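Please read each numbered point alongside the sequence and the coordinates.

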Amino acid sequence: MATMPDSGMSSRVGGLVELLGATDPAKADVSEVDVALIVCTGIAMSRNFAEAVTTAAKWAGGVGASPDLQRRKLELIGIIADGMLRMNRPDLAEKEVEKMKQVDDESTLAILLGGMAALRLGSVKPERYDDAASSFQEVNARCGQSVSVLNLIALANLGRGRAADAERNLLDALAKKSGDPDTVSNLAVVCAHLGKPQEASMRYILQARSAVPLSPFVRQYAAVEERFAAAVDKME
């Protein structure tokens, strides 16, 4: 579920939007579109994804046709696609990725966002995990291995039923950044899928808890522990 912005965030968003004033995107020069990009990014960072999408769409639909402006249009559409993903609409994110490819069919950003949309869609269309893995592997080939992309490849492999491959991906990520909270959280899940002893999963869970005590994974795991304990109490 998308996170709703609080009132303080809403006021900051309003201030950011005011920065754009009454500028007509169709008449904007490169510097003005740069300001729009900064504003849209700031809105997204305030977690008001709906406003970020709306503002970015207004500008992406109006910028001029020069190469410099088209590069910025690509980034604006990327903000829209990312916002759709964060609002749990990977189907709409994919449509924005196609628009990005119309601007630049070799865009690495479009490939990455397309992979993330496919990963989300894999839960209802398992064959999309293959598309996600292929996209992330291409990003790795272009940009070199990174911890975040290795984690994404691992998630795609897990969806494909390749837990052993996912574990290798995550161990490669851990070798690059020891103790990375996302990596150790994912390793805990993969260990369970591989049927490893509980101690293996717990080792990674404790690492995740130590690294980021309030991470979503740690909070979710704590909630499961509490529900389990409550169920045991009722049975006694």
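**Comments on cysteines, a pocket and a loop glycine**

1. Cys-40 is buried, since its relative accessible area of 0% falls under the 20% cut-off. These remarks concern a predicted model.

2. Cys-191 is likewise counted as buried, because its relative accessibility is 2%, again under 20%. A disulfide is a covalent bond joining the sulfur atoms of two cysteines.

3. Two or more lining residues come from each of α5 (90–103), α6 (108–121) and α7 (128–143).

4. Which element gives the most to the lining of the second largest pocket? That element is α6, with five residues. By residue class, the lining of this pocket holds six charged, four nonpolar and three polar residues.

5. Gly-122 lies in the loop between α6 and α7. Is Gly-122 buried or exposed? With a relative accessibility of 2%, Gly-122 counts as buried, because the cut-off for that class is under 20%.

6. When neighbours within four places in sequence are left aside, Gly-122 is in contact with Arg-128 and Tyr-129. Gly-159 is 37 residues away from Gly-122 in sequence, yet the C-alpha atoms of these two glycines are 7.2 Å apart in space.

Conventions:
Residues numbered from 1 in each chain as written. Predicted model: local features only at pLDDT ≥ 70, side-chain atom pairs only at ≥ 80, totals over all residues. Heavy atoms only, no water. Helix = DSSP H or I, 4+ residues; strand = E, 2+ residues; numbered from the N terminus. Nonpolar A, V, L, I, M, F, W, Y, C, P; charged D, E, K, R; others polar. Buried < 20%, exposed > 50% of the residue type's maximum accessible area, 1.4 Å probe, protein only. Contact = heavy atoms within 4.5 Å.
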